[in-house]
Amino acid sequence: MEIGESVVKAVILHQVGNRLREEPLVLADECFAITDSISNVILGGYLRGIVSSKNQYMLSHESDMALNDVAHHTLGFFSKKISFEDLSKNLATHLYSSAHHPNIASGDLFVILFDKLKVGDVYRSAIGIYKSESKQQYLSARIDGKTQQLEVSSGINPDLIDKGALIVDGSDIIYAIDRLSSRTKYWVDDFLMAKQIPNESTKSAIATELIEKVRENIESPLARQEFCREVIALCSDKEKVLGEEIREVSEKYVSPDVWDNELNRLVERKGLVDTKDISVSSKSLQTKLNRIFNRINLGTDISLII
């Protein structure tokens, strides 16, 4: 996707409190007036800051995709059944109802309509949803003749996205960010109901964890050593290691169910789109495996590093 020609068509701001703390949801009726300088700041921060392969997700639902609120509301707008203002209110109301923990911070919800995002040879529109939960302080200087004065002001930094999502018309792939996910995970799990599309880093982590789980299921110490040697050998003289190659080696030492069960468990735990195809960098995988294979567990909280 190319975003170099993208433009900002509309911006609206709602204030979303935490319903469990009885904080209000304040909905705006009108969009902001957009100047060129405001548009450039939004494009440089909110759009460029979210479009990345590491932020790719897919909306989902446990039973029926038609019941995914974000997908339902954005489709209603893209099919011209509802206005942009109504779309933004629906999204804000859904976010307000998605708060299931009192520690979820209140904040400002920006809903932005982008246009002229190029997907292939087609220009498409997109809806950006950004919740700001933290404000930063800035210093500004005011000079009047020989008098100089510093002032402190607070505001939202579009280059530092707290929570964001970009839904592109006609695309199954969305982009999402949750910088504060270590505190609460409701943005991706409850509001978007999205699963991450594994990127290179994620696939490498999955492959490493799978190998470690297979090794733990091998009872014989000698067989474990042989398994480690075979897996390391896969990383020699090639740029990529396929998950199927690792699986074939694993099934010499454990039953096929071990690989399948552990893969399904990891995909579910990490909130990933189901994937059977794993391809990882040989160099990266070998570095991680050397750290794992050089560690021998001797007992509870006791390990020997070779």
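## Voids and salt bridges

The largest cavity has a volume of about 100 Å³. This is a predicted model, in which local features need pLDDT of at least 70 and side-chain atom pairs count only at pLDDT 80 or more, while totals for chains, interfaces and linings use all residues. Residues are numbered from 1 along each chain as its sequence is written, and side-chain values use heavy atoms, with hydrogens and water left out.

A cavity is a set of points, on a 1 Å grid over the protein atoms alone, where a 1.4 Å probe fits but cannot get out; a pocket is an open set with protein on both sides within 12 Å along at least five of seven lines; lining residues have an atom within 4 Å of a point. Volume is the space filled by probe spheres set on the points, which are joined across faces, edges and corners.

Two cavities of 30 Å³ or more turn up in the whole structure. Thirteen residues line the largest cavity, with Ser132, Ile156, Asn157, Leu160 and Asp162 nearest its centre. Strand β5 (residues 122–132) gives the most to this lining, three residues. The second largest cavity has a volume of about 40 Å³. Its lining includes Val16, Tyr96, Lys131 and Tyr186.

The largest pocket has a volume of about 620 Å³. Of its 23 lining residues, Val188, Asp189, Ala194, Lys270 and Gly271 lie nearest the centre.

Ile34 sits in the loop between β2 (25–26) and α1 (36–47).

The whole structure holds 16 salt bridges, each a side-chain nitrogen of Lys or Arg within 4 Å of a carboxyl oxygen of Asp or Glu. Three of them are tabulated.

| Pair | N to O distance |
|---|---|
| Arg269 and Glu209 | 2.8 Å |
| Lys213 and Glu216 | 3.7 Å |
| Arg247 and Glu251 | 2.8 Å |

Lys213 and Glu216 are three residues apart in helix α5, about one helical turn. Arg247 is buried at 18% relative accessible area, where buried means under 20%, exposed over 50% and partly exposed in between (1.4 Å probe, protein chains only). Glu251 is partly exposed at 34%. Lys131, Glu133, Lys163 and Asp178 are linked in a salt-bridge network.

Notes
Helix = DSSP H or I, 4+ residues; strand = E, 2+ residues; numbered from the N terminus.
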